[in-house]
Amino acid sequence: MSVCPLTPSSSTRAAPPTDNPTSIPIQMHFSTPDYVIFALLLVASTCIGLFYALSGGRQRTTQEFLLADRSMSCLPVSLSLLATFQSAVAILGVPSEIYTYGTQYWFLGVSYFLGLLVPAHVFIPVFYRLRLTSAYEYLELRFNKTVRIMGTVTFIFQMVIYMGVVLYAPALALNAVTGFDLWGAVLAMGLVCTLYTTLGGLKAVIWTDVFQTIVMFAGQLAVIIVGAHQAGGMGEVWRKAINGSRIASLDLNPDPTERHTFWTLGAGGVFLMLALYGVNQAQVQRYLSSRTEREAVMSCYVVFPCQQVVLCLGCLMGLVMFARYGEDSPLDKGYMVLYFVMDVFRDLPGLPGLFVACLFSGALSTISSAFNSLATVTMEDLIKPYCPAMTEAKATLLSKGLAFAYGLVCLAMAYTASHMGSVLQAALSIFGMVGGPLLGLFCLGMFFPWANSTGAIVGLVAGLVMAFWIGIGHFVSRMAVPTTLPPIINGTAMPLPSNMTTAVMTTAESDQVHVCLSRPTGVQALYNLSYLWYSAHNSTTVVIVGLIVSLLTGPMKEKDLTPGTVYPVLGNLLFFLPECYREILYCVTPMPQKVGCRPPRWRIPPMNQ
């Protein structure tokens, strides 16, 4: 393997001269107004949880605690969906990505269209009409209890691994830049999040997400406005970005090993979005909390423009950073955004605290969603089926206990993350490896009526094996690089979480070293697959293996299918056929409206629209 001449990394560049107006000291400090604003964020989040714990039904039923009594309207649900998507890692990572590689990452926004349209018109109607609480209940209705438990355990493993990293990473960045006490920040966030999630249930989680989303927007906007003004205006920022080759053109290279192209971002990104917005319990739970199916669908539509705004804010911040520091910034890429914020706001007390509140709002929204969804699947999938005589009061109390317990687990995982070192990226990779196979499992059941439970089990196992094989293979091949080099992140293959907020962790963890390699072939090409294709590859593996095994072991018969669990793809695509023929294509799923033909075998109860 031949290696290109290395570009200076942050560890080898000399510190900037002290007379440089843009030079930044190694560490900066918070002022009193900054601490006050940060504390207000935590206090406000706690108060929202207490309000919902002491008002309304006071979280006395599992429906209220886990599903907000199915009473939420479109706007708070959509902002909560957005907040869960927008974690602290994205706030730190996207600007660093744009600063380092340019605006190619912006084309990820293309994937948002199908990534939200399909959940709105496929997954939401199926889940909502079945009146589910846990997304994995669907797997038992469609296959059997074993498949449901396998899906649930896989999801729990995925989220527990991720929680500690999301909590620890922003606290570590804040500590490195400002000297803010590391474990003080971790404990404050973890305990506050645990408190309002346990007391206020999903309703508190959703409304704190709304508040935290507003804080996130305010923090990012403040940085962009002040930073652009100091750089000479947005016109000057754009001119420097063009001169520095940071405005990317449309790259139509179809090579799947290329890190970011239009196809990897626009097409591969669709599968990552589906894994998040289609079948992830944290998001499905928000759909199911909506008052009506129409409100749930509308929440998906409202999220679309909001996501585009968030993506644009991250890109603009990256361009403003480039305009300020140019190509040869001495800053460590992992902490660059926080250094930039402290530098821009050095003479504006309180605004650094606003951005840190923005950063931790992203962490709080992601973690609280994880607590609530983990408590839900544990209660609904692993406890209730085996304790049918449990009273509603006891079930609610146990659900609160589970949310509290997962809060403590999150703190334990944060402590573990602090000792993981380079394994931190492996933990993030493990999270991403699981999203694709779970998406494939739901697609197998929803789109292929003849898939049976044996095919589902073997397909899921095959998808997970494939995911870990490629992920570990990439990790090992990367570790084989001579240790005299700085840590290499081959951005073409970093298998990051299906939650797209962590897709930029490559720049938030370490510097990239440019490696000149001949075009990989065979297994090595698989190890160099762009991380954006991981969900597509692994979900396709589940579907193909599942279908083959189902055909070999005896396809499932129509009479054995639970009505409403199969989405009639052909029946909807061939809408021009007569009703009688389309009904056959609908399998056991009833058609929306019947005019003539034989009566339906089963009809989904009408929903309030």
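Is W183 buried, partly exposed or exposed? In this predicted model, local features need pLDDT of at least 70 and side-chain atom pairs count only at pLDDT 80 or more, while totals for chains, interfaces and linings use all residues. Residues are numbered from 1 along each chain as its sequence is written, and side-chain values use heavy atoms, with hydrogens and water left out.

W183 has a relative accessible area of 31% and is therefore partly exposed; this class lies between buried (under 20%) and exposed (over 50%), with a 1.4 Å probe and protein chains only. The residue lies in helix 8, helices being DSSP runs of H or I with at least four residues, numbered from the N terminus. Together with L187, L191 and Y415, W183 makes a nonpolar surface patch of about 400 Å². Patch residues have over 30% relative accessible area and no salt bridge, and nonpolar side chains are joined within 5 Å. A salt bridge is a side-chain nitrogen of Lys or Arg within 4 Å of a carboxyl oxygen of Asp or Glu. Areas come from the Shrake-Rupley method with a 1.4 Å probe. Helix 8 (residues 182-231) gives the largest share of the nonpolar patch, three residues.

S361 counts as buried because its relative accessibility is 0%. Beyond its neighbours within four places in sequence, S361 is in contact (heavy atoms within 4.5 Å) with L41, Q212, V215 and M216. S373 has a relative accessible area of 1% and is therefore buried. With neighbours within four places in sequence again left aside, S373 is in contact with F155, Q281, A282 and Q285.

Terms used:
Patch = residues over 30% accessible without salt bridge, like charges linked within 9 Å, V, L, I, M, F, W, Y side chains within 5 Å. Helix = DSSP H or I, 4+ residues; strand = E, 2+ residues; numbered from the N terminus.
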